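User: Could you walk me through this one? I'm new to it and would like to start with the charged pairs.

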Amino acid sequence: MIKKILLGIALSIACIAGLGFWVVSLMLPDDSVDLRTTTAADLAYFDRRVAEHRGKILAVVTSTAVMGDSGKRTGYELTELSRAYYVFTANGFTVDIASPLGGEAPVVIDDEDMGAFDYAFLNDPVAIEKVSDTKPVDGVNPDEYAGVYFVGGKGAMWDFPENTAIQNIVRQLHRDKKVVAAVCHGPAALVNVKLDNGKYLLEGKRVSGFTNDEELFLISDARTIFPFLLEDGLRNRGAKVEPGPSYLEQISHDGDLLTGQNPWSVWALAEATIEQLGYEPIPRKKTGDEYSTQILGTFEQQGYRKARAQLEFFMGNADTPVNHSLIAMHAVVAGMKMDVIKTLQLLLLASGAR
């Protein structure tokens, strides 16, 4: 009897270990291509850039390197700047980069999220010069720009909301019917902007931004660390917040105001910005992350079978492999929330994407 019990325990441990190795293998990215040396010249998308100069866009990044008194490091999110930067420049716009303090801006680089455009940015001497010596926002002339794009990064929660120069830039561009765009924590720049009539800019506007659920899942004590949670701040100013599923693409478009929920919303937001500026964005080969987020969005809204069918279609027709590790990460999130069925279904989708 003791031997049978021990054998059962050993088999259980082996099964759990095997499942663990399987899950870990699904989370590992495809390292068959080394992207670290990618330059802008290597991007086929950038080769198709328009020749005409269509104006300038101001990108604003945070100057805050530490989250309040927590000691936790922060800065602007590289992927939220780099991807939009190349969409804007490929479509004929010069991008200037500013920050509340000017000078070198602190950056957050998540190795797991890095793609070709992000490494190209790091290897682009012109782009790196711009983030190493950003323009101070209080020296910016809004008349020079067709629009402004506020880059996310948790540091924005500290130095965007109360900055009067940022408020003036937004107010003037909005008054001139130019584009105001922001992603992830970038909409923190909008919460205290008042119009000439004394009303808040956000009152009655459809808006997306990093949600409370997303924030509190990553930082459980965020309410004590942050000055406020972004979703709360947007709602308190009368915004009609449009939250999408956590960590998936979601943008809101309300006239000249365009906002995105998180880093996975950057591509759609940047190209919607080009459209709002009056141009058709040049064709771009979608990334594996984008295909994955489409599948995950279908899963959230229509269930496993529809998502599986979409996955199989992409596996046979997409010009870029689906990123199985991103789907696996969502499975892990579901597991942490103790949703067993959702976890298993997402793991099956991740396995099918390999």
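Predicted model: local features only at pLDDT ≥ 70, side-chain atom pairs only at ≥ 80, totals over all residues.

User: How many salt bridges does a search of the whole structure find?

Analyst: The search finds 15 salt bridges. One of them joins Arg284 to Glu290 at 2.7 Å, N to O, and both of these residues are buried. Lys56, Asp96 and Glu144, for their part, are linked in a network of salt bridges.

User: Switching topic, at what angle do H12 and H15 pack?

Analyst: Helix H12 (residues 288–302) and helix H15 (residues 340–352) pack at an angle of about 145 degrees, their axes being 12 Å apart. The contact involves Ile295, Leu296, Phe299 and Glu300 on the H12 side, and Lys342, Gln345, Leu346 and Leu349 on the H15 side. Sorted by class, those residues are five nonpolar, one polar and two charged.

User: And how many residues of H11 are buried?

Analyst: Helix H11 (residues 266–276) is mostly covered, with nine of its 11 residues buried, among them Trp267, Leu269 and Glu271. Just after H11 comes Gly278, which takes a positive phi of about 100 degrees.

Technical notes
Residues numbered from 1 in each chain as written. Heavy atoms only, no water. Buried < 20%, exposed > 50% of the residue type's maximum accessible area, 1.4 Å probe, protein only. Helix = DSSP H or I, 4+ residues; strand = E, 2+ residues; numbered from the N terminus. Axes fitted to C-alpha atoms, helices over the stretch in contact; angles between N-to-C directions. Contact = heavy atoms within 4.5 Å. Nonpolar A, V, L, I, M, F, W, Y, C, P; charged D, E, K, R; others polar. Salt bridge = Lys/Arg side-chain N within 4 Å of Asp/Glu carboxyl O.
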